[in-house]
Structure formats: structure tokens, C-alpha cells
Amino acid sequence: MKKAFTLAEVLITLGIIGIVAAMTMPMLIGKYKKQVTVTQLKKAYTVLSQMALRSQEDNGPVYFSNSEQLDSAVAENFFKLYWLPYFNSPTVAKEGTKPYGEGSPWKFLKGTKMTTTIVTQYSAGRLFFTTNDGTSYFVFMMEWDVEYDEDGNEVSETPMYGTKQTVYVDLNGIKPPNIIGRDVFKFTVFFDNNIVRPEGYDKTEQQINENCSHTSSGDYCAAKIMNDGWEIKDDYPW
């Protein structure tokens, strides 16, 4: 006589399998999402690094006169020469339109909203574009010339073009979660020496960890991932 499982035994076995799956699936999904994030971040970093090198090889060193005032045409031409040709089929957000809609789309890790408006605005030296793989880039090409009085008090701020430019990378475009340190990461492009570095690259390990935590902005999270050998470890504020 052949032996077979009873219905009760089958149901118990299926129940155990379901419990194990319910316990392990979130962990596996979380691990997969982390791996995807690291892969996309590494790719974006490589693209930015190649841009910083190739753009100046093709167009010459970036130079802005200290007397040069911000001008829409100058900023737009700069972006068209030094940035856009070195990305995969970039689609530039129409000037003045907000790709994320109204309000502030990005949040810091600590939960507060970033107040900067995400928009292409050449008069303010800002560019937003999305590449063919769904990655979005938000670039600032200006810095502030600050003057102080004899007592060290700030008396004036003058916007001017800068060869040190900030870029935020949104790995999945306008899709959520839109959180700095989760799918949005901050880099600096140094056109003076053709290199790209994550925000906080020159800080100590403690400072990087403090600024990549659930009580911080998350600005240094790309630096943390890179310092950890391109890995999102267990102490990462995921």
C-alpha cells in the first residue's frame, strides 16, 4: 500500500512555507533594492566623471570672468556645450516648468522638505534633464561671492558663475520616494581639475556617518556608500 500525505499534513507544510516566505521575502526585496541603487549610483558617478573629462577635452577649460554677470544665454550655451552632449539622449525640462509639479519634491532623510525649487532656469544657472535610462540630473552652475565687513559680518552676496558645480542625481527620475540618500544623491563637479566627488568626500568617517543618518539631510550618503566599498551596509539609514 502506497503512503501519502494527509490533507492536514499538506496544509501544515504549506503554512510553514508561507510563514518562511513572509519572513524572508521583505529581506530579499530590500537587499535587491539596495543592489539596484548601488548599481545605478555607480553608473551615474561614472557618467559624470566621463563628462568632466571629455567635455573639456572637446571644448577647452571652463573659465568664467569674475566680472561676468549671470545671463540666460551664457548659462544655456554652457550647458549645451559642457553637459548635455555627454549623456544618453538627455531630455531637458522646459525652462520654467516644474517636472515634479508644485511644491518641494525632495525630502531629507530626517523627513523635512528641501526648499530648493527643481526647475530649469538659465538665469539662475540651473538645469534639469532626464536621460534615456530614466535617471534625472539637477545642476547648479553658480556660486556666491560673499563680502564681509571688518567685524566679519556678511554685507553682501553676489551670484556668479563657478567652475565648482553641484549636481543632484535622482536615480529613478520623478518616481518616489524622492528622498536624499535613498534615490537622490549629491555630487560636486570640479571643472578646474576635471574630477567628480560625492558631497562630503573630504569629511571624516564620523562626519559622513552623522550626515547620512535618519536625523540628517542625507547629503553625504553617496560618500558613505563609496567609502563602504560601493555597498549599502547594515548601518545605512535605508
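Colleague: On what basis are residues numbered and values taken?
Modeller: Residues are numbered from 1 along each chain as its sequence is written. As the model is predicted, local features need pLDDT of at least 70 and side-chain atom pairs count only at pLDDT 80 or more, while totals for chains, interfaces and linings use all residues, and side-chain values use heavy atoms, with hydrogens and water left out.

Colleague: In what order do the elements of the chain run from the N terminus on?
Modeller: Helices (H or I, at least four residues) and strands (E, at least two) are DSSP runs, numbered from the N terminus. The chain comes to 4 helices and 6 strands. From the N terminus on, the order is α-α-β-β-β-β-β-β-α-α.

Colleague: What percentage of the 238 residues of the chain counts as buried?
Modeller: Buried means under 20% relative accessible area, exposed over 50%, and partly exposed in between, with a 1.4 Å probe and protein chains only. Of the 238 residues, the buried part is 40%.

Colleague: How many aromatic pairs does the structure hold?
Modeller: Rings of Phe, Tyr and Trp (its six-membered ring) pair if their centres lie within 6.5 Å; planes under 30 degrees apart count as stacked, over 60 as edge-to-face and the rest as tilted. The number of aromatic pairs in the structure is 23.

Colleague: Why is the pair of Trp83 and Phe87 given its class?
Modeller: A pair of aromatic rings is described by the distance of the centres and the angle of the planes. The ring centres of Trp83 and Phe87 are 6.1 Å apart and the planes stand at 10°, so the class is stacked.

Colleague: What is the angle between the planes of Phe129 and Tyr137?
Modeller: Phe129 is buried at 0% relative accessibility, and Tyr137 is buried at 3%. Their rings form a stacked pair, with 5.2 Å from centre to centre and a plane angle of 15°.

Colleague: Which Trp belongs to the aromatic cluster that includes Phe64 and Phe191?
Modeller: Among the other members of this cluster are Phe78, Phe79, Tyr82, Tyr122 and Tyr161.

Colleague: Over the ring of which residue does the charged end of Arg182 sit?
Modeller: A charge sits over a ring if NZ of Lys or CZ of Arg is within 6 Å of the ring centre and within 35 degrees of the ring normal. For Arg182 the distance from the ring centre is 4.5 Å, and the ring is that of Trp238.

Colleague: Is Thr37 buried or exposed?
Modeller: Thr37 is found in helix α1, residues 7-59. Contact means heavy atoms within 4.5 Å; leaving aside neighbours within four places in sequence, Thr37 is in contact with Leu171, Arg182, Phe185, Ile232 and Trp238. The relative accessible area of Thr37 is 8%, so Thr37 is buried.

Colleague: Which backbone nitrogen lies 3.0 Å from a polar atom of the side chain of Thr120?
Modeller: Thr120 lies in the loop between β1 (91-92) and β2 (126-130), and at 0% relative accessibility Thr120 is buried. Beyond four places in sequence, the residues that Thr120 touches include Val92, Lys94, Arg126 and Leu127. The backbone nitrogen is that of Phe128.

Colleague: How far apart in space are Asn209 and Pro237?
Modeller: Asn209 is found in helix α3, residues 205-210, and is partly exposed at 28% relative accessibility. Asn209 and Pro237 are 28 residues apart in sequence, and their C-alpha to C-alpha distance is 9.5 Å.

Technical notes:
A polar contact is a pair of N or O atoms within 3.5 Å; within protein, one must be able to donate a hydrogen and the other to accept it, and residues adjacent in sequence count only if both atoms are side-chain atoms.
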